[in-house]
Number of protein chains: 2
Amino acid sequence: MKQLGEIVFVGLGLNDEMGISLQGMEETKNADCVFMELYTSLMPGFSLSNLERMSGKDVTMLSRKNIEEENAEKIMAAAKKGKAVFLVPGDPMIATTHISVRLEAEKKGIGTRIVHGASVLSAVIGLSGLHNYKFGKSVTIPFPEDTPAETPYQTIAQNRRLGAHTLCLLDIKVEERRYLTIPQALEALMDTETRMKQAIIKTDTLAVGVARAGSKTPIVKADAAKRFLTYDFGGPPYTLVFPGKLHFMEAESLIRFAGAPEKLREEAE
Amino acid sequence: MKQLGEIVFVGLGLNDEMGISLQGMEETKNADCVFMELYTSLMPGFSLSNLERMSGKDVTMLSRKNIEEENAEKIMAAAKKGKAVFLVPGDPMIATTHISVRLEAEKKGIGTRIVHGASVLSAVIGLSGLHNYKFGKSVTIPFPEDTPAETPYQTIAQNRRLGAHTLCLLDIKVEERRYLTIPQALEALMDTETRMKQAIIKTDTLAVGVARAGSKTPIVKADAAKRFLTYDFGGPPYTLVFPGKLHFMEAESLIRFAGAPEKLREEAE
């Protein structure tokens with residue numbers, strides 16, 4: 001098949017237009033066409049006009065509809081003729097929808113490359129001070145009116161049985177400006193607890209709430225779940241971690257970096 | 001406690017000096033002192049002189065000994081007087097040794113911040129086209145003369161029972177310029193298989209080998225493990241993924257992006 005143009009998926013990293021890598025900015029400056037989406041993650045400090053000024057490019061913002069229903073046809077059309085850069089929050093392929101775009105491009109004979117960016121996954125692990133290799137499967141907690149929290153509940157339960165931590169992303173509906181909050185996510189899990197009764201999410205279960213990972217004002221707070229029902233984390237986006245067994249250094253990190261109760265030391269290994 | 005200066009941990013991202021974020025570069029330019037380490041990960045394209053030129057700063061390279069045995073005392077001394085930037089490959093807190101540095105700083109009353117960078121963890125997930133939420137615990141495969149591969153073997157087995165994928169980092173000894181290769185890692189796992197006999201790593205087990213994630217020449221190859229024993233992945237660093245159950249889109253991705261055998265489609269769900 002004749003090689004056409006290419007799509008370069010560029011990760012924007014976290015929070016704002018300063019999260020992109022130098023490589024990603026170079027690719028953007030050299031692109032024939034630049035596209036972007038902001039619906040798979042919230043970047044609370046992001047300014048499109050700053051990015052356009054810094055890159056010297058007009059950036060076409062795409063909606064979920066443009067990408068998922070219209071099969072990213074605007075990007076494909078541009079990439080048949082030259083180099084299209086597609087700017088994506090975080091690390092580009094963590095949102096599965098972009099894997100579909102990449103598959104579609106390759107089927108059409110369009111080359112693809114990835115310029116990676118910081119992801120909320122490693123950022124939250126890093127901010128918490130918990131050890132990366134102790135995290136099991138991660139999961140997204142959906143809005144309770146869409147789906148009950150049974151999959152997240154079971155994932156946390158499964159990880160807990162293995163002593164592993166669980167990282168939970170909290171669902172967002174950017175087009176409606178709605179972001180599941182930490183209290184809402186905990187209520188959804190506690191509601192599931194009343195039905196599943198496996199004693200996984202109780203009022204005194206240790207949780208770590210993270211708000212605005214990657215921004216200049218992240219909040220990282222470790223405490224009994226019940227305390228989060230009234231705690232003010234400020235603006236979105238939010239993430240929750242349910243720790244499994246703690247290494248003593250992890251307990252120390254949660255106490256120092258996340259204000260966890262000192263008695264956590266006694267429970268660590 | 002009186003607030004002293006601060007340490008800003010800045011992620012360098014992957015491969016070379018262009019992997020740092022714009023924010024990370026700003027922090028470096030504004031630092032009073034800049035330190036760096038390159039022993040927790042290999043950045044094959046990295047040039048210290050380029051970084052120094054781009055940032056306008058002298059960068060002090062620290063060894064494992066400087067950080068782990070001497071408790072990063074050079075960074076601590078600088079951070080008592082002003083702003084010390086500590087440049088770290090990938091996303092800074094994924095290497096647990098840097099969590100220790102952060103703990104030590106906070107105990108001394110030195111503030112800490114993190115500027116995140118792209119991590120090999122999300123990069124490899126992205127390059128493979130496998131779905132992030134299907135990865136279980138990740139693990140490092142050690143040099144066989146140091147430690148047999150029993151922990152990685154058991155982690156892969158545990159994830160496999162849950163249908164989850166396993167991401168394996170391959171150990172490095174940068175100061176000796178030694179990098180565990182994909183054939184060596186597989187041999188270590190196959191050797192463990194002969195002792196543990198759980199039929200986890202067989203010659204026809206599907207594996208995904210990734211070399212130089214985040215560089216301009218990454219190799220991503222999916223095939224039966226035995227084929228990797230003679231496959232040339234080029235230079236380090238290396239990563240291995242052992243997939244669990246595959247979604248049909250994941251099978252499609254491995255076929256398109258990693259040259260997996262077409263028959264993989266029949267085994268997917």
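Which residue in S4(B) is the bridge partner of Met36(B)? The partner is Leu87(B). The model is a predicted one.

**Strand S2 of chain B**
- S2(B) spans residues 33–37 and is mostly covered, with four of its five residues buried.
- S4(B), residues 83–88, runs parallel to S2(B), and four bridges join them.
- The pair Met36(B) and Leu87(B) belongs to this strand contact.
- S2(B) also pairs with S3(B), residues 59–62, in the parallel sense over four bridges.
- Here Phe35(B) stands opposite Thr60(B).
- Between S2(B) and S3(B) the chain passes through helix H2(B), residues 48–55, and this β-α-β crossover is right-handed.

**Helix H4 of chain A**
- H4(A) covers residues 73–81, and its buried residues are Ile75(A), Met76(A), Ala78(A) and Ala79(A).
- Viewed down the helix axis, these buried residues fall within an arc of 165°, so they line one face of H4(A).
- Strands S1 (6–11), S2 (33–37), S3 (59–62) and S4 (83–88) of chain A are among the elements that cover them.
- Helix H5 (96–107) of chain A is also included in that cover.

**Relation of the two chains**

Terms used. Residues are numbered from 1 along each chain as its sequence is written. Chains are lettered from A and ligands numbered from 1 in the order in which they are written. This is a predicted model: local features need pLDDT of at least 70, side-chain atom pairs count only at pLDDT 80 or more; totals for chains, interfaces and linings use all residues. Side-chain values use heavy atoms; hydrogens and water are left out. Buried means under 20% relative accessible area, exposed over 50%, partly exposed in between (1.4 Å probe, protein chains only). Helices (H or I, at least four residues) and strands (E, at least two) are DSSP runs, numbered from the N terminus. Two strands pair if DSSP finds at least two bridges between them. A crossover is right-handed if, with the strands pointing away from the viewer, the path from the first strand over the helix to the second runs clockwise. The arc is that of the directions from the helix axis to the C-beta atoms. Contact means heavy atoms within 4.5 Å.
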